[in-house]
There are 10 protein chains.
Amino acid sequence: MLFHVRMDVAIPHGLDPAERDRLVTTEQAKALDLQRSGVWPHLWRIVGKYSNISVFDVSSSDELHDILSSLPLYPFMTIDVTPLAQHPSDLAAQP
Amino acid sequence: MLFHVRMDVAIPHGLDPAERDRLVTTEQAKALDLQRSGVWPHLWRIVGKYSNISVFDVSSSDELHDILSSLPLYPFMTIDVTPLAQHPSDLAAQP
Amino acid sequence: MLFHVRMDVAIPHGLDPAERDRLVTTEQAKALDLQRSGVWPHLWRIVGKYSNISVFDVSSSDELHDILSSLPLYPFMTIDVTPLAQHPSDLAAQP
Amino acid sequence: MLFHVRMDVAIPHGLDPAERDRLVTTEQAKALDLQRSGVWPHLWRIVGKYSNISVFDVSSSDELHDILSSLPLYPFMTIDVTPLAQHPSDLAAQP
Amino acid sequence: MLFHVRMDVAIPHGLDPAERDRLVTTEQAKALDLQRSGVWPHLWRIVGKYSNISVFDVSSSDELHDILSSLPLYPFMTIDVTPLAQHPSDLAAQP
Amino acid sequence: MLFHVRMDVAIPHGLDPAERDRLVTTEQAKALDLQRSGVWPHLWRIVGKYSNISVFDVSSSDELHDILSSLPLYPFMTIDVTPLAQHPSDLAAQP
Amino acid sequence: MLFHVRMDVAIPHGLDPAERDRLVTTEQAKALDLQRSGVWPHLWRIVGKYSNISVFDVSSSDELHDILSSLPLYPFMTIDVTPLAQHPSDLAAQP
Amino acid sequence: MLFHVRMDVAIPHGLDPAERDRLVTTEQAKALDLQRSGVWPHLWRIVGKYSNISVFDVSSSDELHDILSSLPLYPFMTIDVTPLAQHPSDLAAQP
Amino acid sequence: MLFHVRMDVAIPHGLDPAERDRLVTTEQAKALDLQRSGVWPHLWRIVGKYSNISVFDVSSSDELHDILSSLPLYPFMTIDVTPLAQHPSDLAAQP
Amino acid sequence: MLFHVRMDVAIPHGLDPAERDRLVTTEQAKALDLQRSGVWPHLWRIVGKYSNISVFDVSSSDELHDILSSLPLYPFMTIDVTPLAQHPSDLAAQP
C-alpha cells in the first residue's frame with residue numbers, strides 16, 4: 001500500500017554541529033536501510049529546499065507511523081502524508 | 001530529469017456527458033502512450049479526489065509543458081509542477 | 001486500518017430538485033449499508049455546515065478510494081483523507 | 001455532546017529532557033484517566049505528526065475547555081475544536 | 001452554552017428577485033423569532049460585507065445545528081462555529 | 001460604536017514566571033476595570049485556546065487602539081479588529 | 001474617523017453590457033459625490049486589478065456600512081475594512 | 001523601472017470559440033507589439049499552467065496599469081504586480 | 001508615483017530595552033523627516049497592531065527600496081508594497 | 001533551460017555580526033561569479049524585502065539544486081522554484 005510523504009527538515013541553527021552531523025549521518029543510514037528493505041521505494045530532493053518527496057510501500061498506517069517517527073531527524077521535520085490508490089490509467093492496471 | 005506533477009481535475013457538471021466520456025477516454029489513451037514511451041514513469045490516484053500525483057521524466061521544461069498542455073483534460077485541470085533532484089540518500093546515488 | 005475523512009458537499013443550486021432528492025436518498029442508503037458492514041464506523045455532522053467528519057476502517061487505501069468514489073454525492077464533494085495510527089495513550093493500546 | 005478536537009504538540013527543542021519526560025508521562029496518565037471516565041471516547045495519532053485527532057463527549061463547552069486547559073502539554077499545543085451534531089445518515093439516528 | 005457563529009451570505013446573482021425577496025423576508029422573521037426566544041442573543045453586521053457575527057445560546061450542539069440549518073438562507077451561507085467558554089476575567093465570573 | 005476583537009495570547013515559554021504572573025494579574029485587573037466602565041461589554045474564552053473574542057463599545061478607532069495597546073499583555077498578543085454595524089434583523093433595530 | 005477599505009470588483013462576464021455600463025456610470029457618479037462631500041478622501045486603483053484601495057472619513061461604523069452598501073457595484077464587490085488610528089509618528093500628531 | 005508581473009488566465013469554458021480565438025490572437029499581437037517597443041522585456045510561460053511570468057519596463061505605475069488593462073485578455077486574468085529594484089549583487093550594479 | 005506600503009513590526013522580546021528605545025526614537029525621527037520631505041504623505045496606525053499602512057510618493061521603485069531599507073526598524077519589519085495608479089473615479093482625475 | 005527562483009533571506013538577529021558580514025560578502029562574490037558564468041542571467045531585489053527574484057539558466061534540475069544549495073546564505077533562505085517554458089507570444093519564439 002503506497003503513501004506519498006513530503007518531509008521538510010528544519011534543524012535549529014543553534015544545534016551543536018557534531019550533533020547535527022551525527023543526526024544527518026544516522027538519518028542517511030536509516031534511509032538506505034529502509035530503501036533496501038523495500039518499504040521506501042522512492043526518495044527525491046525538492047530543488048532549492050531541505051525537503052524530500054517520498055513514496056512508502058507499507059502494509060498499514062501504523063507501520064508507516066512507526067517508520068517515520070523512528071527517523072533520527074523526525075523531531076525536526078514537518079511531515080505530510082497522502083494516501084495513494086492505483087490510478088485507472090496506470091499502465092500496470094490495464095487488463 | 002524528473003518533475004513531480006499534481007493534477008486536480010474539475011470537469012464542469014454541465015458538460016455534455018458524451019463529450020465528457022470522449023475526453024476521459026482520450027485522456028486515458030494519451031496517458032497510456034506516455035507511460036509506454038517512458039516520459040510518465042509514475043501515476044497515482046490521490047485517495048478521495050479526482051486528482052493524481054505523477055512523476056515525469058523529460059529532457060527539458062519545454063518538453064514537459066508541451067506534454068501537459070496536450071492532455072485532453074488540460075483545460076479542466078489545475079497543475080502544479082515541482083522540480084526534483086537526486087537525493088543524497090537515494091540508494092541509486094550511493095557510490 | 002483507520003482513516004479520518006472529511007467530506008464537504010456542494011450540490012449546485014441549479015440541480016434539478018428530483019435529481020437532488022434522488023442523490024441524497026441513495027447517498028443515505030449507501031452510507032447506512034457501509035455503516036452496517038463495519039467499514040464506516042463513525043459519521044458526524046459538522047455544526048453549521050453541509051459537511052461530515054467520518055472514520056473509515058478498511059484494509060487498504062485502494063479499498064477506501066473505491067468506497068468514497070462510489071458514493072452518489074462523490075462528484076459534488078471535496079474530500080480530505082488523513083491516515084490514522086494507534087495513539088500510544090489510547091486506552092486500548094495499554095498492556 | 002461531542003466535539004472534534006485536533007491537538008498539535010510542539011515542545012521546544014531546548015526543554016530540559018527530564019521536564020519533557022515528566023510532561024509526557026503525566027499527559028499520558030491524564031489521557032488514560034479521561035478515557036476511563038468516558039469524556040474522551042476517541043484518541044488517534046495522525047500518521048507522521050506529533051498530533052492527535054480526538055473526540056470528546058462533554059456536557060458543555062466550559063467543561064471541554066476546563067479539560068483541555070488542564071492537560072499537562074496544554075501550553076505546548078495548538079488546539080482546534082469543531083462542534084459535532086448527529087448526522088442524519090448515522091445508523092444510530094435511524095428510527 | 002454560547003457559540004460564536006459567523007455567517008457569510010452569497011445569494012447567486014441569477015436568483016429570481018421575488019424568490020430572493022421571499023428568502024430575505026422569511027430569514028428576517030426567523031431571526032427575530034429566535035432573538036425573542038433567547039437563543040440568538042447577539043447579531044451584528046460586519047461592515048462592508050453581507051455577513052454577520054452572532055452569538056447563540058443553546059443547550060447542545062445538535063440544537064445549534066438544527067437552528068442554523070433551518071434558516072431560510074442556509075443553502076446560501078458559509079457558516080463557521082466557534083465554541084465559547086466563560087473567560088476567567090469576565091466580570092460575571094468574579095466571586 | 002462596536003468593534004469585534006479577537007486576541008490570541010502567546011507568552012514566550014522562557015519568560016520569568018514571576019513576570020508572567022504579574023502580567024496576567026494586571027491584565028485581569030485592567031480587563032475588569034474596562035468591563036466596569038462599559039467599554040468592554042463582552043469577553044469570551046475560545047474553547048481550547050489562550051484566546052478571547054471580545055466586543056468593545058468605544059467612541060472612536062483611536063480610543064480603541066489606546067485601550068488595546070495599554071493592555072499589559074499587548075506585546076504578546078495578536079489582535080484582529082472587525083468593525084460592526086447594526087444588523088437590519090437585530091431585534092433592537094426594529095421600529 | 002478613518003477606515004482603510006479595499007474593494008475588489010468581480011462583475012459576472014455574462015451581465016448585460018448595458019446594465020454593466022449603467023452600474024459603472026452610476027458607481028462613478030456616486031464615488032465623485034462622496035469624494036466631494038469629504039467622506040471618501042482617498043481613492044486609488046491597484047495596478048493590474050479591478051480593485052481599489054480607499055480611505056473613508058466617517059463618524060461611525062454604521063455610517064461606513066451605509067455608504068458601502070449603497071454603492072451600485074456593492075453586490076459585485078468583496079470589501080475588506082481595516083480601522084485606522086493616528087500614528088504616533090504622524091507629522092500631524094506632533095506637538 | 002521594472003515590475004514583476006504574473007498573469008493567470010481563466011477564460012470561461014462557455015465562451016464562444018470564435019470570440020476566444022479572436023481574444024487570443026489579438027492578445028498575442030498586442031504582446032508582440034509591446035515587446036518590440038521595449039516595455040515588456042521578458043515573457044515566460046509557467047510550466048503546466050495557462051499563466052505567464054513577465055517583467056515590464058515602464059516609466060510609472062500609471063503606465064503599467066494602462067498597459068495591463070488594455071490587454072485583450074485583461075477581463076479574464078488575475079494579475080499580481082511586484083515592484084523590483086536593482087539588486088546590490090547584480091553584475092550590472094557593480095562599479 | 002504612489003505606492004501603498006504596509007509595515008508589520010516585530011521587535012524580538014529579548015532585545016535590550018535601551019537598544020529598542022534607540023531604534024524606536026530614530027525610526028520616529030526618520031519618519032518625520034521623510035514626511036516633511038514629501039515622500040511619505042500618509043502614515044496610519046492599524047488599530048490593535050504594531051503595524052502601519054502608509055503611502056509613499058517617490059520617483060522610482062529603487063528610491064522606494066532605498067527609503068524603506070534605510071529605516072532603523074527595517075530588520076524587524078515585514079513590508080508589503082502595492083503599486084497604485086490613478087483611479088478613473090478619483091475627483092482629481094476628472095476633466 | 002530557465003527556472004524562476006524566489007529567495008527570501010532570514011538571517012537570525014542573534015548571528016555574530018562578523019559571521020553575518022562574511023556570509024553576505026561571500027554570497028555576493030558567488031552571485032557575481034554565477035552571473036558571469038551565464039547560469040544566473042537575472043537577479044532583482046523585491047522592493048521592501050530581503051528577497052530576490054531570479055532566473056537561472058541551467059542544463060538540469062540537479063545542476064540548479066547544486067547551485068542553490070552551495071550559496072553561502074542557503075541555510076537562511078526559503079527558496080521557491082518554478083520551471084519556465086518558452087511563451088508562444090515571446091518575440092524570440094516567432095518564426
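These are legends for a few close-up views of a predicted model.

**View 1. Chains A and B around their axis.** Turn chain A by 180 degrees, shift it 0.0 Å along the axis, and it lands on chain B with an RMSD of 0.0 Å. That is how a two-fold axis relates two copies.

**View 2. Chains E and F around theirs.** Here, too, a rotation of 180 degrees with 0.0 Å of shift along the axis puts chain E on chain F, at an RMSD of 0.0 Å. Within chain E, E:H42 gets closest to the rotation axis, at 5.2 Å for the C-alpha. Since 100% of the interface residues of chain E are also interface residues in chain F, the copies meet through the same surface.

**View 3. Strand β2 of chain F, residue by residue.**

**View 4. The strands beside β2(F).** Across the chain boundary, β4 of chain E (residues 77–86) runs antiparallel to β2(F), joined to it by 3 bridges. One pair to zoom in on is E:Q86 with its bridge partner F:W44. Within chain F, β2(F) pairs with β3 (residues 51–57), again in the antiparallel sense, over 4 bridges. There, F:R45 sits opposite F:N52.

**View 5. The hairpin turn.** Between β2(F) and β3(F) lie 4 residues, and the two strands make a hairpin. In the turn, F:G48 has a positive phi of about 85 degrees.

Note on methods
Residues numbered from 1 in each chain as written. Chains lettered and ligands numbered in written order. Predicted model: local features only at pLDDT ≥ 70, side-chain atom pairs only at ≥ 80, totals over all residues. Heavy atoms only, no water. Least-squares fit on C-alpha atoms with pLDDT ≥ 70 in both. Contact = heavy atoms within 4.5 Å. Pairing = 2+ DSSP bridges.
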